[in-house]
2 protein chains.
Amino acid sequence: MARLADPELAERRRRQIMDAAIACFRRRGFHQATMAEICAEARVSAGALYRYFSSKADIIGAIAEDKRGDNDQAFLRAAEEQGFVPAMCLAARGFFEKFSEGDGSLIADIFSEAIRDDTLAAPLRKSDAQSVKIFTRAVEAAQQRGEIDARLDPEAVTDTLFAALEGIGLRRAFRRDIHTEAAVSQFRALAERFLEPRK
Amino acid sequence: MARLADPELAERRRRQIMDAAIACFRRRGFHQATMAEICAEARVSAGALYRYFSSKADIIGAIAEDKRGDNDQAFLRAAEEQGFVPAMCLAARGFFEKFSEGDGSLIADIFSEAIRDDTLAAPLRKSDAQSVKIFTRAVEAAQQRGEIDARLDPEAVTDTLFAALEGIGLRRAFRRDIHTEAAVSQFRALAERFLEPRK
DNA sequence: ACCTGAACACCGTTCAAGT
DNA sequence: ACCTGAACACCGTTCAAGT
């Protein structure tokens, strides 16, 4: 990538290309969508695109990094107002809705690219770790309020809940199951029993 | 695909190609591995390969179908001898070990291909449903023995445990976390609390 | 500096020709 | 019937030339 002079133009172009790419990936999936399509949708030439992104994988990486953490702050507020499990279910609903709208395979694609390509995975791990940190704080607060068993390790709880969320979402996308509320109930049943304090 | 005369030769060729493909996918991932590499590894020409598989996706579909359910019978026996959770953790260990050996991204690839491509997904859904059925029977037996809360829906339990297993495996592959035993413990903690009968 | 678009390299798939 | 491998179609990326 060449040196960029105007950071504001660069930011605008990156958004323009990412938005076009999101539209294309939604329609056809990461591997089916072609760079030519993305260029047409973004109304830039191939050469221009490669000025702002070093590869196709780089685009999906930027999209993933951009989207993650969007709802972290909303979750924190909800956790304090309504309690941890209801807030977590709210977050789960948002997540499952995205899957049903066709982002399901996009998330699977991101996983598979990130697992294979370390230069793509590194920044994603960083923003994932940030989300984990935020949710972990909410777990600790809920433990102090007695909502979550105090013997559970807060960070392990977060990671397990994220894994369950992603696993349920993937399996539903795989089965073409579009009943979002059923998925939320499934997740809630798991979370309640997992977190519940024991005598 | 042309009509095949000798079913035994056909089966041998398919195995030969699938084994070569597994080796290539392990080394370089589904999308990085080329058909030329698979042909070289299997010592057949491109034309010969396409006599037995209709596409690259078809190969990964056959591999997934072939591998799934390998351990279902072993699990059933273990569930009766040692109880449900220990047997499930044994299955989990086997699953996580595969992830650590580099099949992690392969499973992510299978998910992402299957979510996008319905002709690939259909047979996979069928064999997945069979595994679910087998594990569901074990859940019912464990409920009658009082190991699992009788109020839980057996099939939902199975699906949730599968989702957790796959989610934990994917996240660990994503984080380059190779501590299999830690993953098993994480899964066991979740499963025990999820399934435990309540007063 | 920023952009264009033709050219390049590569790869999945097909098919005419061989045994 | 079964196979070969060159040819084809396509796509991610680069780069010489333009403003």
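Predicted model: local features only at pLDDT ≥ 70, side-chain atom pairs only at ≥ 80, totals over all residues.
Residues are numbered from 1 along each chain, chains are lettered from A in the order written, and side-chain values use heavy atoms without hydrogens and water.

**Stop 1: chains A and B.** Select both chains: 49 residues of chain B are in contact with 49 residues of chain A (heavy atoms within 4.5 Å). Now pick out B:R171, B:F174 and B:R193, which lose the most area to chain A, together 20% of what that side buries (buried area is the accessible area, 1.4 Å probe, lost on being put together, summed over both parts).

Zoom in on B:R193, which makes a salt bridge with A:D149, their closest N and O atoms being 3.2 Å apart (a Lys or Arg side-chain nitrogen within 4 Å of an Asp or Glu carboxyl oxygen). The rule finds 14 salt bridges across this interface.

**Stop 2: DNA strand D.** Show the 20 residues around DNA strand D; A:M35, A:Y50, B:R13, B:S45 and B:Y52 come nearest (a heavy atom within 4 Å counts as near). Next, select B:S45: an N or O atom in its side chain is 2.7 Å from a phosphate oxygen of DNA strand D. Finish at B:A5, which instead uses a backbone N or O atom, 3.0 Å from a phosphate oxygen of DNA strand D.

Conventions
Buried area = accessible area lost by both parts, 1.4 Å probe. Polar contact = N/O pair within 3.5 Å; in protein donor to acceptor, adjacent residues only side chain to side chain.
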